[in-house]
Amino acid sequence: MNSNNVKKIQKFSAVQQALESLRKYICELDTRNEHRLPSEEELAQQLGISRLTVREALAVLESDGVIARSQGKGTVINSFVPRLTSRIDTSREIDTFLQDNGYKTSSRVLGFAWRQADKDEATKLGISEGEDILVVKKVFMADAIVAAFYVDRTPRSLFRHEDFTEQDLEKSMFTFIENICNRQITHDVLEIIPVVSDEELSKVFNVPLLTPLLRLDVLEYAEDGVPLMYNSEYYTDKFIRFTLCRNVAFTS
């Protein structure tokens, strides 16, 4: 067996922590009066990390389109950044986003149950068809109006114990799954699916049948690539709109 294996890293590396701090700083900045970041050296001193770590974090922000760097001009915050309040390429819990946009939020578990996974669910979760999964249905409200509806599915085989209550499910599902499975969610992959409301969705959102909705199917993965949770997230455009910044590069 080869003993020279790649060493696992912690969920929050120095670069990840620097990214979180810089994103928060940029979001809170009044870009009408200030549109440049401090120098790498200044950022390293303020964050208490090396310039190399700062440079790696800035490279990610540049790739995401948040900043632009050029020699002689420094690091400029792109003018459209304040409008990207709900970026589809950034994992962020819906209630936090709604609060940041001035809504009074709440959430409610509509129900949860153990049932057998169908073929599609089993394929996505990497289990056998018919295996037990926990299915949790939850709504998120903005000013007492339903803004989002989530269906979360997790294989029973990943649970370390089943000693939980509905009150535990009312909290963050990410935290719940990480704790009860003793695994960390490190990344997710999503698929965008336009749908129309069926009877269940019409009742949840209090909209007519066949109302256009946005559905995101999201697979939440652990650091070793094991799927921990498969979510179907439904949104109306009343409260939620997503944006994605794409770099356009031309090669000769």
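How are α2 and α3 oriented relative to each other? They are roughly perpendicular to each other, a label that covers angles of 65 to 115 degrees, while those under 35 count as roughly parallel, those over 145 as roughly antiparallel and the rest as oblique.

Before going further, a word on the model: it is predicted, so local features need pLDDT of at least 70 and side-chain atom pairs count only at pLDDT 80 or more, whereas totals for chains, interfaces and linings use all residues. Residues are numbered from 1 along each chain as its sequence is written, and side-chain values use heavy atoms, with hydrogens and water left out.

**Overall picture**

The protein has 8 helices and 8 strands; these are DSSP runs numbered from the N terminus, with helices (H or I) of at least four residues and strands (E) of at least two. Of its 252 residues, 38% are buried, meaning under 20% relative accessible area with a 1.4 Å probe and protein chains only (over 50% is exposed, in between is partly exposed). Contact means heavy atoms within 4.5 Å. Taking contacts between residues at least 6 apart in sequence, 57% join residues at least 24 apart.

Two packed helices are described by the angle between their axes and the distance between the axes. Here, axes are lines fitted to C-alpha atoms over the stretch in contact, and angles run from 0 to 180 degrees between N-to-C directions.

| Pair | Angle | Axis distance |
|---|---|---|
| α1 (residues 14–28) and α3 (residues 51–63) | about 60° | 9 Å |
| α2 (residues 40–47) and α3 | roughly 110° | within 9 Å |

The angle in the α1 pair makes α1 oblique to α3. On the α1 side, the residues meeting α3 include Leu 19, Leu 22 and Ile 26, and their α3 partners include Ala 57 and Leu 61. This contact has 10 nonpolar, 1 polar and 2 charged residues; Ala, Val, Leu, Ile, Met, Phe, Trp, Tyr, Cys and Pro count as nonpolar, Asp, Glu, Lys and Arg as charged, and the others, Gly among them, as polar.

In the other pair, Glu 40, Glu 41, Leu 43, Ala 44 and Leu 47 of α2 meet Arg 51, Val 54, Arg 55 and Leu 58 of α3. By class, that contact has 5 nonpolar, no polar and 4 charged residues.

**The nonpolar core**

A nonpolar core is a set of buried Ala, Val, Leu, Ile, Met, Phe, Trp, Tyr and Cys residues joined through side-chain atoms within 4.5 Å. The largest one has 19 residues, and Phe 149 and Phe 205 have the most contacts inside it. The largest share of this core, 4 residues, comes from β4. Leaving aside residues up to four places away in sequence, Phe 205 touches Phe 149, Leu 213 and Tyr 234, among others.
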